[in-house]
Amino acid sequence: FYFGKTTSFDRQLFPACKIEVPERLTVSHETLVRTGLADRCVSVPVREATDAEILLAHSEEYLEAVKKTPYMSLEDLMEFTRQYGDVYFHPNIYHCAKLAAGAALQLVDSVMTGKVRNGMALVRPPGHHSMRSAANGFCVFNNVAIAAQYAKQKYGVQRVLIVDWDIHHGQGVQYCFEDDPSVLYFSWHRYEHQKFWPHLRDSDYDIVGKEKGAGFNINVPWNKVGMENGDYLSVFCHVLLPVAYEFCPDLVLVCAGFDSAIGDPEGEMCATPDVFAHLTHLLMNLAGGKLCAVLEGGYNLTSLVQSVCQTVQTLLGDPVPRPASLKSPCISALESLQCVRSAHKAYWSCLKHAGNHNRAFSRAFKGPEAGEEEEKDAEEKVWPEPPKRVTPPVCAALVLPDDVACPEGCECFSFSEDLDPLLASKLSDTSGFTQAVFGLLLPLGYEYDPGLVVLVRMPDSGVSDSLWQQLIGLLQSFALGHTLVVLQEEEKALIGLTASSLLGNPAASLKQLQAPLTEDTEAIEKLRHRLQADWKFLQTTGECSSITFEININIHRS
Ligand code: Q6P
Ligand code: ZN
């Protein structure tokens with residue numbers, strides 16, 4: 001990023017934009033340095049994206065037009081700006097925008113070549129609103145869209161997952177990939193039945209992609225403000241994760257906007273900064289851990305900085321905070337969830353059983369009513385600073401039979417007689433397994449908030465190595481990662497990969513999943529319905545559902 005001296009230009013115009021300010025980056029960076037997180041990261045030098053790279057997502061006419069902006073007079077710049085929406089051109093923005101896109105590409109290079117496992121690019125201007133031939137919403141070049149195209153072109157990456165957790169809809173990313181099945185775009189966004197900026201019909205849940213790309217665009221509209229951690233995590237468990245695992249990406253890109261956090265003047269949501277530790281963690285076992293987060297929005301400096309730190313610390317592999325006292329998803333969130341699942345049931349076998357959505361939910365857009373658009377003085381939100389997260393000196397300790405060597409990086413303890421684990425549940429290895437993990441186990445874990453996770457593996461469980469590793473990785477969302485794995489002595493072969501997962505190494509991909517067996521899906525669904533009266537996180541619909549099933553279902557099919 002670039003800090004020129006204040007010029008006469010700046011004095012005439014500034015602040016043109018009160019929220020998208022340089023301090024977003026300086027304060028984030030200062031805090032990463034002060035907390036010692038920056039020291040644990042590898043710094044990747046930035047470069048300018050080349051014309052050819054920018055053209056991966058933009059038209060030549062648009063690039064040529066932006067190229068002229070550094071030489072324009074203030075008047076010409078104002079004129080140029082007026083053709084777009086909510087974007088401001090400063091004479092140095094073309095240079096900054098090339099660096100922002102270039103930074104995303106440097107990160108993709110570092111991750112794809114294995115120089116680093118994952119990373120985050122702190123950049124301005126952001127990118128997800130900019131379109132092929134138009135700047136929009138503070139964005140000039142679409143950093144993440146360019147990065148996805150670049151990864152496909154340069155590394156032959158076959159499938160890219162883009163997760164846009166910014167609170168605005170990244171319509172630029174959607175338009176770039178709407179007919180492309182090699183890029184799965186997921187976005188949640190404040191929508192309020194089209195009353196919120198950018199007011200697009202294209203942002204609703206039923207816009208699923210076009211032609212070959214049908215099913216590869218997932219929009220989750222938030223129709224109310226004030227969404228909380230539970231609403232976000234519920235959408236991850238019941239929509240994003242099952243679909244992402246079925247898609248099986250080779251690379252994950254995150255449009256990492258933090259205006260979806262509490263205190264943000266744009267988003268007006270109530271999710272706390274530690275939720276980003278969970279969102280990040282839940283994505284870190286996809287694509288063999290190859291994840292690049294690129295900053296988008298986030299306009300409350302306190303909330304932004306805390307959220308950035310939570311994300312970076314999670315990427316570094318530190319245990320995630322406990323998802324303490326989550327509230328059940330609210331009715332409006334459940335309505336959105338139901339609509340999205342239903343709109344995508346034709347495209348994803350993990351959603352095949354989703355119920356149809358009730359038409360009553362999709363209220364017609366009435367247009368902004370008089371007075372509704374005026375700025376409400378959002379009362380200042382306060383929230384506690386996220387507790388300090390500690391890096392444990394030893395990540396994993398093992399108790400092993402005498403003849404087994406201790407894997408590197410682990411500490412070995414000796415046997416104790418009184419190990420008598422309680423076997424809580426059994427899952428059989430079908431492709432229904434992942435369905436049970438996302439549909440039952442993760443939501444139950446989030447709601448229950450255990451202090452310890454005990455994972456018992458029985459011989460002949462049929463669980464494949466990669467599924468086993470995925471399970472260990474995902475369960476580390478709970479109990480500060482305190483996980484006790486119990487293996488049978490005859491499964492010595494599993495010690496190495498179990499230890500690797502406990503140490504936080506990414507799990508191997510599951511390969512593209514087959515459709516789950518109907519019997520499994522039915523059994524899981526019946527169990528979910530039976531339990532959801534007591535466990536609100538299992539809900540996926542907004543209808544009052546107190547249907548109880550008489551039959552006792554056992555999801556273990558032998
Ligand atoms: C918000 C524009 C318009 C108000 C209309 C990558 C980051 C962002 C940008 C938001 C632009 N507000 N009177 O962009 O999504 O946060
Ligand atoms: Zn935003």
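The structure, a predicted model, holds 5 cavities of 30 Å³ or more, a cavity being a set of points on a 1 Å grid over the protein atoms alone where a 1.4 Å probe fits but cannot get out. Local features need pLDDT of at least 70 and side-chain atom pairs count only at pLDDT 80 or more, whereas totals for chains, interfaces and linings use all residues. Residues are numbered from 1 along each chain as its sequence is written, and ligands are numbered from 1 in the order in which they are written.

**Largest cavity**
- About 110 Å³ of space lies in the largest cavity, a volume being the space filled by probe spheres set on the grid points, which are joined across faces, edges and corners.
- Its lining (residues with an atom within 4 Å of a point) comprises 13 residues, of which Arg341, Cys350, His353, Gln435 and Gly439 lie nearest the centre.

**Second largest cavity**
- The second largest cavity has a volume of about 100 Å³, and its lining residues include Tyr245, Glu246, Cys350, Gln435 and Phe438.

- Histidine 168 and aspartate 259 are both buried, that is, under 20% relative accessible area with a 1.4 Å probe and protein chains only.

Methods: Side-chain values use heavy atoms; hydrogens and water are left out. On a 1 Å grid over the protein atoms alone, a cavity is a set of points where a 1.4 Å probe fits but cannot get out, and a pocket is an open set with protein on both sides within 12 Å along at least five of seven lines; lining residues have an atom within 4 Å of a point. Buried means under 20% relative accessible area, exposed over 50%, partly exposed in between (1.4 Å probe, protein chains only).
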